[in-house]
Every structure is written in structure tokens, then in C-alpha cells.
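Please read them with the structure open.

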Amino acid sequence: MLLNHKDLLSIEHLSKDDLYTILKITKHFKDTSIKSFKKNDLLYGKTVANLFCEPSTRTKTSFEIAAKKLSADVVNIDVNTSSILKGESLIDTGKTLEAMNINYIVVRHFFSGAPDILAKNLNISIINAGDGSHEHPTQGLLDLYTIYEKKKSFKGLKILLIGDILHSRVAKSNIWALKKMDANVSVVGPPTLIPKNIVDLNVKVYYDLFEAIKDVDVVNVLRIQFERQKENLLPSIEEYIEFYQLTKKKLNTAKSDVLIMHPGPVNRNIEISSDVVDSPSALINEQVTNGIAVRMAVLSLLKQKY
Ligand code: CP
């Protein structure tokens, strides 16, 4: 079973069937590889290059673990000591890796659309590990899997994304994935951090967290992406904390079994209080674990040209 795609660039361009295939294969790898600490030889002889032009702990490490569990070789390109610093273009860097018989490039880039540029210019598989504020498809997939594992169905499910929706590639990938599965998605945050066209995606918008959280099944809390803000979009961090930090007090108005997610990295006591991060309802570490199985699924399902 393979997806009819050479690359994984976004969730927007995946079908509902593609998503169910990825969920099914993720479960297979979670059961056969993650839980039992086993490797298989599905990608034996293949090479995966991690090309991360922005910092990462979870995505980069879990792609490396996923590739190694499939018996692929992995090269981690240190961008800070690479020829990118001598002015080599992204396409020429990609062509150089292709000439070394690399089979997959996992790319994280500050420029929205950078993975698409590589995919259009190379024959090898390109996987988007987060591009600007566009998409972070494997994060969206691991969030989707984590919800599916707990709730078994997306029918009638209500999911709330909290915080900096404007700059968050995780929010975009979650919205595309959850809407394709017919879940109900809402967002809440300060008006300056909510994109104006979000309603076009059939997403409900709130500005009051107490109101937004009332009857949802899952909340996904997002970090404020200060690194992408070109102007001051918040009056002060103290006011953000007052109105939008997820705290036990604000959770008192939610369902008693509400699940709490966060893609990480967490800024404790900014977007989420430390006691909520460590509470039994928080799935943050399970999301990280599921990230390995999801990335194994993606690596094994892409249709390679060679
Ligand atoms: N969630 C996520 O992308 O984390 P990293 O930046 O650590 O990869």
C-alpha cells in the first residue's frame, strides 16, 4: 500500500482516504515497532537527509529514529557549517544531495513554500517538516492520530485551537486534517493573532477563552511564535497570560474529560500553566511518541521514483 504522492508537502493536498491510510499504517508501526522496540528493513539501502534551517528537537529527532527503525541510513546536515552559508541556493543544495543518491529530504525552512520548490526541482521525495507559517504536515498527522487513538472517531468531535493561529503552521495543518475528517474545529485568541480568512475554512472563531472552551472534547494549545512577528501584536505578555493562558481555573468551565494537547516546545506559564502541562489529561508526551510512528508511516508510504 502506497500513497499516490512522491512528496508530503501539506495536508491540504491529501485526501480523506490518504489520511485514513496514514492513520492505519501509523497504528501498525506503533503496535509492531514502537511498543516492542523492533526494527524492520522496509527502507534498507535508502538514505534520509534531515535539512533543518530552523531549530527543532521533536521533528528532527523523531524523523531520524523513524528512518532508523525502517533500516534507512540518516544524514543530518548541519546548516550552520554547510555551503548554504557560502551562498549556495536551496535548489542547488537539494541537487547536491540528490547527486549523492539521497532518497528523501526532510526539510524545515523559515520560508513558506521552500519544500514545494525542492519538490518541483528534484526527483527524490521531499517531506515538509514545517515551512514558515504555512504547514507542518507531520505534526498535523501525529495530532490527528493522537486524537483518533483516544476518541476512535472524528464524528461530532469538537476541537479548539488556542493562541497564535496567525503564525502557526501547526494550526493550519490541524485545521486541514480535522476538517477533512469532518470534525468541528474552533479557534480562540486575540484578534491580532487570528487570520481574517480563517472562516473560509469553516472554522468557528472566538475571542473569549471561557466561552470557547465550554463544550469541546480536545484543546490544542499553541506557542506564541514571537520569531515570526514583525510588529507588536500583543499589548503585553501579561495580558495574553490573563486572557488566553490555559489554566486549571479556565479548564473548570470545560468538560471534565477534555483532552489537552500541545505540539511543543512548551513555554510553561505563558500559553499554558505548568500544572496543566503535567496533569493527567495532557497528551503532550504521547504526541511526541506517536510522532515516531507517524513519520515511519509517511516515509514508508511515499511513492519513490527510483
Ligand atoms: N512540534 C515541533 O515541531 O517541535 P520541534 O520544533 O521541536 O521539532
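1. Is S173 buried or exposed? The model is a predicted one, and in it S173 has a relative accessible area of 0%. Buried means under 20%, so S173 counts as buried.

2. The position of S173 is within helix 6, which spans residues 169–180. Leaving aside residues up to four places away in sequence, S173 touches I11, E135, H136, P137 and G140. One of these, H136, is also among the residues that surround the ligand.

3. Now the ligand site. Around the ligand are S56, T57, R58, T59, R108, H136, Q139, P263 and G264. A polar side-chain atom of S56 is 2.6 Å from a ligand oxygen. For T59, an N or O atom of the side chain lies 2.6 Å from an oxygen atom of the ligand. With R58 the backbone is involved: one of its N or O atoms is 2.9 Å from an oxygen atom of the ligand. On its own the ligand has 250 Å² of accessible area, and the protein covers 91% of that.

4. Next, helix 3, residues 90–99. Its buried residues include L90, T93, G94, L97 and E98. As background, an α-helix has 3.6 residues a turn, so residues three or four places apart point the same way.

5. What do the buried residues of helix 3 pack against? Their partners are strand 1 (47–52), strand 2 (73–77), strand 3 (104–109) and helix 4 (114–121). After helix 3 comes N101, with a positive phi near 65°.

6. S82 sits in the loop between strand 2 and helix 3. Its relative accessibility is 15%, so S82 counts as buried. The C-alpha atom of S82 is 9.2 Å from that of T93, and the two residues are eleven apart along the chain. T93 is one of the buried residues of helix 3.

7. Last, the overall division. Domain 1 is made of 16–135 + 289–301, and domain 2 of 137–287. Taken over C-alpha atoms, the centres of domain 1 and domain 2 are 25 Å apart. The contact between them takes 29 residues from domain 1 and 29 residues from domain 2.

Conventions. Residues numbered from 1 in each chain as written. Predicted model: local features only at pLDDT ≥ 70, side-chain atom pairs only at ≥ 80, totals over all residues. Heavy atoms only, no water. Helix = DSSP H or I, 4+ residues; strand = E, 2+ residues; numbered from the N terminus. Buried < 20%, exposed > 50% of the residue type's maximum accessible area, 1.4 Å probe, protein only. Contact = heavy atoms within 4.5 Å. Near = heavy atom within 4 Å. Polar contact = N/O pair within 3.5 Å; in protein donor to acceptor, adjacent residues only side chain to side chain. Areas by Shrake-Rupley, 256 points an atom, 1.4 Å probe, with all protein chains shown as cover. Domains from an automatic or database assignment.
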